[in-house]
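Hi,

Here is the model I said I'd pass along.

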Amino acid sequence: MKVYYDRENKEYTVKAKNIQDMLKELKLNKNSVIVVVNGMVVTEEYALKTKDKIKILSVVSGG
Amino acid sequence: MCNNCPKNPVYKLHSGEQLCQNCFFKYFEKKVRKTIRVYKLVEKKDEIAVAVSGGKDSLTVLDILYNIYKENKKITLKALMIDEGIKGYRNECIAPTKKFCKERKIPLEIVSYKKEFSFDLDQVVKGRKPCSVCGVLRRSLLNSYAKKLQVKKLATGHNLDDEAQTIIMNQFRKNIGASARLGPMTGIEDHEAFVRRIKPLYFMSEKEIMTYAFLKGIVREFNECPYNKESYRNQVREMLNNFEELYPGTKHSIVSSFMEILPALQKQEKKGKIKYCMKCKEPSSQDVCQKCAVLEQLKLPQ
Ligand code: SF4
Ligand SMILES: [Zn+2]
Ligand SMILES: [Zn+2]
C-alpha cells in the first residue's frame, strides 16, 4: 500500500494492516503526525483497506 | 467508535477516550475557552493583536478568538505578522494569511526584517544559529508593533508542546530565570513598556491543534522553515515525543507541574527591576537589550 508523507514530500510503500503498525514501520512517532485516509482523519486503530488513499501530515510547528 | 455517539473517531485522547469530529470540536473549543476563562486571558474591552505566522497554531488562535468575540463589539481583534525574510517559507505563508484575515475582516499588519533592519534573515545566518537571531528580533518587533497598534494584549499560538520544550530547554541550559516569563499569560498589567502575551492554546497539544486545523480547513499545505530541523528545539521535541509515546501524559505532567512552581519563580525574578536599553530605549534586563546586542554582532546599523 502506498502512503504519502508531507514533511518529506515522499511516497512510501508499506505492508502494515493498520495505522499503528504503519507508523511503526515508517519509524514515525504517533505524536508528531496525523493520518488522513480518504480525506478523513483516523485514529491508530483504523484497519487499512486496499483502495484507501493515505496521507500522513506532520503536526510540527513550522518555525 | 466515538465514546459519545455512533460515529468514526478522529482523535484518541491519552486517557484512551475516542472522539468523532463533532465531539472533538466540542472538546477542543471547551478546553480553549476554559483556559481563557481560568487565566483571565481576555477581559472586557480588551484590544488584542494575534501574532500570526501563517501556520496552524496562530491561525487556529485567530479563528477561535474571532468566533468567540465576533458578536462582542467591545473586544477588538487585529493580526500582526512578521516577515523575517526566509525564502521558500515565510513568503509562502503571506498570501494565505492575507486571505484568511480578509475573509474575516480582521486588519492585518505585516512587518518585515528587510524594512526594519534592512536585511533578510537568509542573508545573515551563515555561520550563526538562525533561530537565536530570528527569535530575538521577532520578539522585539512583536512587542514594539503591538504597542504601535495600541493593543493591550498579544495572543500567540504557543501550545503545550512548545511550552514543555521551552521548560526543558531552560532547565538543560541552566536558564531557569527565563522560565519565570512562561505561563498562559505573561507580562505586567498596564505597563507602558510591555504588551502582555496570552496563549489560548496553552493546554492543547500540537497533534490536537493539527487535527482541529485540518478538519476546519484552516491549513492546507505543509510548510516548514528550512532552519527548523537543525534547531535545538527540534531535538528536544523528538525526545519529548518519544517519551510521550512510552509514557502517555508526559508533556501534560511537565507543564502542569511547572505551573505549580511558576508563582515561586516569578516572585524570585521580580527582584530584578526593569531597565531600559541604552541604545533603543526598549525594556531590557541588561544595559543593552538582546535585539541591539544581536544587531551589533551582525555589525549592521539599527
Ligand atoms: S525555525 Fe528558527 S529560523 Fe525558522 S522561523 Fe523559527 S525561529 Fe526563525
Ligand atoms: Zn461523537
Ligand atoms: Zn536596544
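Predicted model: local features only at pLDDT ≥ 70, side-chain atom pairs only at ≥ 80, totals over all residues.

In chain A, 46% of the contacts (heavy atoms within 4.5 Å) with a separation of 6 or more come from residues 24 or more positions apart. For chain B, take the contacts between residues at least 6 apart in sequence: 70% of those join residues at least 24 apart.

Before the rest, some housekeeping. Residues are numbered from 1 along each chain as its sequence is written, chains are lettered from A and ligands numbered from 1 in the order in which they are written, and side-chain values use heavy atoms, with hydrogens and water left out.

Chain A first. You'll find 1 helix and 5 strands there (DSSP runs numbered from the N terminus: H or I of at least four residues for helices, E of at least two for strands), and along the sequence they run β-β-α-β-β-β. Its radius of gyration is 11 Å, close to the 11 Å from the globule rule for 63 residues, so chain A is as compact as a globular protein of that length. (That radius is over C-alpha atoms, and the rule is 2.2 Å times the number of residues to the power 0.38.) The C-alpha box along the principal axes is roughly 35 × 20 × 20 Å. Of the 63 residues in chain A, 52% are buried, meaning under 20% relative accessible area with a 1.4 Å probe, protein chains only.

On charges, chain A carries 12 positive and 8 negative side chains, with the centres of the two sets 4 Å apart. Lys and Arg count as positive, Asp and Glu as negative, and His and the chain ends are not counted; each charge is placed at NZ of Lys, CZ of Arg, CG of Asp or CD of Glu.

Now chain B, with 12 helices and 10 strands. The radius of gyration of chain B is 19 Å, close to the 19 Å that the rule gives for 302 residues, so this chain too is as compact as a globular protein of its length. Its C-alpha trace spans about 65 × 40 × 40 Å along the principal axes.

Chain B is assigned domain 1 (30-270) and domain 2 (272-302), with bounds from an automatic or database domain assignment. Their C-alpha centres are 22 Å apart, and 19 residues of domain 1 touch 14 residues of domain 2.

Cheers

Terms used. Buried < 20%, exposed > 50% of the residue type's maximum accessible area, 1.4 Å probe, protein only.
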